[in-house]
Amino acid sequence: MNVYIALLRGINVAGRNKIKMAELKQLFNNLGFQKVITYIQSGNLIFKTDIISSEEIAQKISNALFQHFKCDIPVLILEKEELKWAYNLNPFIQDEATDISKLYITFLESLPNKNRVIDLETKPLNTTDFFKISTKFVYLYCNNGYGKTKLNNRFFEKKLNTNATTRNWKTIAKLIELSKL
């Protein structure tokens with residue numbers, strides 16, 4: 001069985017898409033996933049399954065979320081090794097003195113169009129924050145935190161034409177730790 005991480009976008013945020021983690025865990029168990037673990041209230045789940053296709057897993061979860069909770073929630077699926085790879089290749093970690101509280105990764109549902117990436121990376125932006133796009137990941141360094149950056153999910157979804165969800169560095173590290181099932 002393979003270990004996967006599901007990142008659900010926009011649950012339990014600002015009173016919208018309220019889902020209790022116990023109910024979400026039960027839903028995943030009912031879908032046949034095994035060793036389901038939830039982490040914090042923002043839609044992070046680790047689980048095992050024999051299903052190999054990330055797209056098939058995401059569609060199965062998305063359909064079940066809509067049927068059970070009546071919420072249309074984007075679901076991004078990562079293999080355990082894919083998450084570790086993204087974590088280890090962060091270009092903003094220079095040394096042990098790097099302020100990890102300013103680090104985030106925006107996970108993209110699909111590979112963005114190369115021309116859109118080039119366009120985004122070459123246009124000047126009015127921000128003190130930095131980003132670097134690498135395959136399906138956008139590495140962020142937000143000087144004043146993610147809550148104040150213009151480089152949020154909606155910005156990257158619009159510019160790159162794909163669904164996105166962001167997690168802070170501490171959450172990503174914890175998800176890697178929990179994925180050692």
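Reader: How many aromatic pairs does the structure hold?

Author: The structure holds 11 aromatic pairs. Rings of Phe, Tyr and Trp (its six-membered ring) pair if their centres lie within 6.5 Å; planes under 30 degrees apart count as stacked, over 60 as edge-to-face and the rest as tilted. Before we go on, this is a predicted model: local features need pLDDT of at least 70, side-chain atom pairs count only at pLDDT 80 or more, and totals for chains, interfaces and linings use all residues. Residues are numbered from 1 along each chain as its sequence is written, and side-chain values use heavy atoms, with hydrogens and water left out.

Reader: How is a pair of aromatic rings described?

Author: By the distance of the centres and the angle of the planes. Here, Phe92 and Tyr141 form a tilted pair, 6.2 Å centre to centre with 50° between the planes. Phe92 sits in the loop between helix H3 (80-88) and E5, while Tyr141 belongs to strand E7, 49 residues apart. Helices (H or I, at least four residues) and strands (E, at least two) are DSSP runs, numbered from the N terminus. Elsewhere, ring pairs join Tyr4, Phe28, Phe33 and Phe47 into a cluster.

Reader: Are Phe92 and Tyr141 buried or exposed?

Author: Both are buried. Buried means under 20% relative accessible area, exposed over 50%, partly exposed in between (1.4 Å probe, protein chains only).

Reader: Why is strand E5 described as largely enclosed by the rest of the structure?

Author: Six of the six residues of E5 (residues 103-108) are buried, so the strand is largely enclosed. Leu103, Ile105 and Phe107 cover one side, and Tyr104, Thr106 and Leu108 the other, all of them buried.

Reader: Which residue in E7 is the bridge partner of Ile105?

Author: Two strands pair if DSSP finds at least two bridges between them. E5 and E7 (residues 137-141) run antiparallel and are joined by five bridges, with Tyr139 as the partner of Ile105. E5 also pairs with strand E8 (residues 164-168), antiparallel over five bridges, and there Phe107 has Thr165 as its partner.

Reader: Which residues touch the most other members of the largest nonpolar core?

Author: In soluble globular proteins, nonpolar side chains tend to be buried together. A nonpolar core is a set of buried Ala, Val, Leu, Ile, Met, Phe, Trp, Tyr and Cys residues joined through side-chain atoms within 4.5 Å. In the largest one, of 25 residues, they are Leu24, Phe47, Ile61 and Leu65. Helix H2 gives the most to this core, with six residues.
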